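Thanks for making time, everyone.

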Amino acid sequence: MNTQATLQQLRDLKLHGMASGYEAILDLPVNSQPQTHQLLAQLVQQEVDQKHHKRTQMHLRLSKLRYA
């Protein structure tokens with residue numbers, strides 16, 4: 001499986017945080033890319049951060065605060 005297919009599958013699964021993290025890692029030079037277990041940990045953390053940020057933004061929008 002090539003990288004573009006992997007990215008598309010991550011997006012199809014609505015794992016946008018993992019997809020953006022994977023793209024960022026692919027942009028790194030080969031000798032500075034993380035090992036497999038570090039790569040997986042970084043991708044999972046990126047997805048958790050993305051979901052947390054999205055949830056926070058939704059709650060801020062729904063709270064209808066007077067000042068941003």
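Before we talk about packing, one thing on angles: an axis here is a line fitted to C-alpha atoms, over the stretch in contact for helices, and angles run from 0 to 180 degrees between N-to-C directions. Also, please keep in mind that this is a predicted model.

Okay, the overall picture. The chain has three helices and zero strands, and from the N terminus on the order is simply α-α-α.

Let's start with the H1 and H2 pair. H1 covers residues 3–12 and H2 covers residues 16–26. Their axes sit 8 Å apart, and the packing angle is about 160°. Anything over 145 degrees counts as roughly antiparallel, and therefore that's what we call H1 and H2. The crossing of these two is left-handed.

Who's touching whom? On the H1 side we have Thr 3, Thr 6, Leu 7, Leu 10 and Arg 11. H2 answers with His 16, Met 18, Ala 19, Tyr 22, Glu 23 and Leu 26. If you sort the residues of that contact by type, you get six nonpolar, three polar and two charged.

If you're wondering about the spacing of those numbers, an α-helix has 3.6 residues a turn, so residues three or four places apart point the same way.

Now on to H2 and H3. How close do the axes of H2 and H3 come? They come within 7 Å, and they cross at roughly 135°. That makes H2 oblique to H3. H2 passes H3 in a right-handed crossing.

The H2 residues in this contact are His 16, Gly 17, Met 18, Ser 20, Gly 21, Tyr 22 and Ile 25. From H3 we get Leu 39, Gln 42, Leu 43, Val 44, Gln 46, Glu 47 and Gln 50.

A word on H3 itself. H3 runs over residues 36–63, which is 28 residues. From its first C-alpha to its last it reaches 41 Å, close to the 40 Å expected at 1.5 Å a residue.

Last, let's zoom out to the whole chain. The C-alpha trace spans about 50 × 25 × 20 Å along its principal axes. The radius of gyration is 15 Å, whereas a compact globule of 68 residues would be near 11 Å.

That's my tour, and I'm happy to go back to any of the helices.

Key. Residues are numbered from 1 along each chain as its sequence is written. This is a predicted model: local features need pLDDT of at least 70, side-chain atom pairs count only at pLDDT 80 or more; totals for chains, interfaces and linings use all residues. Side-chain values use heavy atoms; hydrogens and water are left out. Helices (H or I, at least four residues) and strands (E, at least two) are DSSP runs, numbered from the N terminus. Angles under 35 degrees count as roughly parallel, over 145 as roughly antiparallel, 65 to 115 as roughly perpendicular and the rest as oblique. A crossing is left-handed if the near helix is turned anticlockwise from the far one by less than a right angle, and right-handed if clockwise. Contact means heavy atoms within 4.5 Å. Ala, Val, Leu, Ile, Met, Phe, Trp, Tyr, Cys and Pro count as nonpolar, Asp, Glu, Lys and Arg as charged, and the others, Gly among them, as polar. The expected span of a helix is 1.5 Å times one less than its number of residues. The radius of gyration is taken over C-alpha atoms; the globule rule is 2.2 Å times the number of residues to the power 0.38.
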